[in-house]
Amino acid sequence: MKNYLKLLNFEVNRFFKLYLTLIGLIIGTQFIGAIVVSKGYMNRTDQVMYKNQLSMSQYLEQYGIFSFQHFIESEWFLIPIFFSIAMLMIYVFFIWYRDWFGKNTFIYRLLMLPTERITIYFAKLTTIMLLVLGLVTMQILLIPIEIQIVKSIIPTDFQSNFDINSLERWDWLYPNTFTEFILYYGVGLIFVAVVFTAILIERSYGLKGIFFAIVYGLLSFGVFIAPILLNGFSSGYFYSLEVFLMELVMSIIILGSAIWIANHLLKYKIRV
């Protein structure tokens, strides 16, 4: 456990500066965006009311009120989020390949540490999940602040009821219940574990490893969606709970096999 925590701290620190940059980008862009979108709405509102000689009630009747959805569907809100997701997706690969292709082939120093090699795998896997959950938590904390920024610019009569439920379309990213959290981020954990194992397959077998890694990834995906396909082909024969339980079993098999294969490769295939 001590070695695992040391490796985890090491991996987090390696990405920490870029991570702070992503956090700053999200905060800065979204705060500026909340102001720009709100002021833009009020400017357009004033122009339309003046041009068409509309009273406030007439304007609201024709054009409706301002919803916080206007902001979260704007590029000011979306671009920093998707950019951060893209960066973390890239880092899923970079966290391994940097060790092989970086200065002094650092992977060999990691593999020679006096600890089980699978500990390196777990430390990198935990690092990715912590980075993801950190950004999600930060974004949830930002929403109430952004709501207050918008409320301070948009007059009350032009506002709808702003609350965290404005993110209902984003429940895949910000789950509303603990069960949804386990489901969505459990799938994310499995995806990262499969990618990690595919990388180790490629690293273990050279050019042939690329083919083996692709086949392994496709097989894992096929196993994962098998219960859904089975239920579809049987015209919904199974109950939703039964499909869920089958999916749960498949997920455990995929995650367990990914860890087992990774452990085998790290022990017996990857040499220092």
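Me: Before we start, what are the axes in helix packing, and which way do their angles run?
Reply: Axes are lines fitted to C-alpha atoms, for helices over the stretch in contact. The angles are taken between N-to-C directions, and they run from 0 to 180 degrees.

Me: Okay, at what angle do helix 6 and helix 8 pack?
Reply: Keep in mind that this is a predicted model. Helix 8 covers residues 240-269, and its axis lies 9 Å from that of helix 6. The angle between the two is about 135°.

Me: What do we call that arrangement of helix 6 and helix 8?
Reply: Angles over 145 degrees count as roughly antiparallel, and 65 to 115 as roughly perpendicular. The angle here is about 135°, so helix 6 and helix 8 are oblique to each other.

Me: Which residues of helix 6 meet helix 8?
Reply: On the helix 8 side, the partners are A258, I259, A262, N263 and L266. By class, this contact has 7 nonpolar, 1 polar and no charged residues.

Me: Where does helix 6 bend?
Reply: Helix 6 runs over residues 118-153 and reaches 53 Å from its first C-alpha to its last, close to the 52 Å expected. Still, there's a bend of about 25° in helix 6, and a proline, P144, follows within four residues. The bend is at I143.

Me: Are helix 4 and helix 7 roughly parallel or roughly antiparallel?
Reply: Helix 4 (residues 75-101) and helix 7 (residues 178-233) have axes 10 Å apart, and the angle is about 30°. Angles under 35 degrees count as roughly parallel. So helix 4 and helix 7 are roughly parallel.

Me: How do helix 1 and helix 2 sit relative to each other? What's the word for it?
Reply: The axes of helix 1 (residues 2-52) and helix 2 (residues 56-63) come within 11 Å and cross at roughly 110°. Angles of 65 to 115 degrees get one label, so helix 1 and helix 2 are roughly perpendicular.

Me: Which residues of helix 2 make the contact with helix 1?
Reply: Helix 1 brings Y41, T45, V48, M49 and N52 to the contact. The contact of helix 1 with helix 2 divides into 6 nonpolar, 2 polar and no charged residues. From helix 2 come M56, Y59 and Y63.

Definitions and conventions:
Residues numbered from 1 in each chain as written. Predicted model: local features only at pLDDT ≥ 70, side-chain atom pairs only at ≥ 80, totals over all residues. Heavy atoms only, no water. Expected span 1.5 Å × (residues − 1). Bend = angle between axes of the 7 residues up to and from the residue. Contact = heavy atoms within 4.5 Å. Nonpolar A, V, L, I, M, F, W, Y, C, P; charged D, E, K, R; others polar.
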